[in-house]
Amino acid sequence: MRQLVQELFERYQDNLYILAFNICKNAEDAKDVVQDTFIQYHMIKKEFENEQHIRAWLIRVTINKAKNMNRTFWRKNKISLEEYMDTLEFATPESGELFETVMHLPEKYRIVVHLFYYEDCTVHEIADILKLSESNVKVRLSRARMLLRETLREEWENDE
């Protein structure tokens with residue numbers, strides 16, 4: 001099964017951008033990663049089983065490209081997360097606080113949180129995408145929730 005790049009781009013570009021940004025923590029790098037992902041899809045001659053297989057492939061390639069982007073020399077000259085946070089607008093102050101807290105999680109937790117809560121992937125799908133066991137995904141989700149709970153509790157207690 002092959003689909004037109006344009007159809008896939010329209011359907012998945014926003015989700016892949018958010019995923020790439022989650023790893024790169026930089027808007028321009030995330031855009032480059034998404035563009036490179038779709039170029040790679042266009043160039044390969046691979047046949048996919050179904051739409052879910054294509055989606056999983058796109059997510060896996062995006063994650064790999066974003067991680068590679070973080071290893072480049074140029075990555076050291078990018079703006080900080082705090083500078084970028086100043087440019088974002090959130091519906092409520094709490095959603096902005098939650099976003100910033102998630103962005104400060106270690107990468108291995110941040111990715112599973114993003115896939116589970118923002119992409120609505122199941123634990124099984126996340127395990128396939130990240131090449132992990134389902135129990136490992138569950139452990140990472142649990143630890144990420146614990147870190148978020150502790151961090152947010154500390155912030156709320158400090159506000160009182």
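Which residues in the largest nonpolar core touch the most other members? They are Leu58, Ile59, Ile63, Leu115 and Leu130, out of 41 residues in that core. Such a core is a set of buried Ala, Val, Leu, Ile, Met, Phe, Trp, Tyr and Cys residues joined through side-chain atoms within 4.5 Å, where buried means under 20% relative accessible area with a 1.4 Å probe, protein chains only. Among the elements giving two or more residues to this core are helix H1 (5-24), H3 and H6; helices are DSSP runs of H or I, at least four residues, numbered from the N terminus.

Please keep in mind that this is a predicted model, in which local features need pLDDT of at least 70, side-chain atom pairs count only at pLDDT 80 or more, and totals for chains, interfaces and linings use all residues. Residues are numbered from 1 along each chain as its sequence is written, and side-chain values use heavy atoms, leaving out hydrogens and water.

Now look at Ile59. Leaving aside neighbours within four places in sequence, Ile59 is in contact (heavy atoms within 4.5 Å) with Leu16, Leu19, Leu115, Cys121 and Ile129.

Ile59 also takes part in a helix pairing: Ile59, Ile63, Lys67 and Asn70 in H3 meet Glu107, Ile111 and Leu115 in H6. The residues of this contact divide into 4 nonpolar, 1 polar and 2 charged; Ala, Val, Leu, Ile, Met, Phe, Trp, Tyr, Cys and Pro count as nonpolar, Asp, Glu, Lys and Arg as charged, and the others, Gly among them, as polar.

On its other pairing, H6 uses Ile111, Val112, Leu115 and Phe116 to meet Val123, Ile126, Ile129 and Leu130 in H7. Here the classes are 8 nonpolar, no polar and no charged residues.

Definitions and conventions: Buried means under 20% relative accessible area, exposed over 50%, partly exposed in between (1.4 Å probe, protein chains only).
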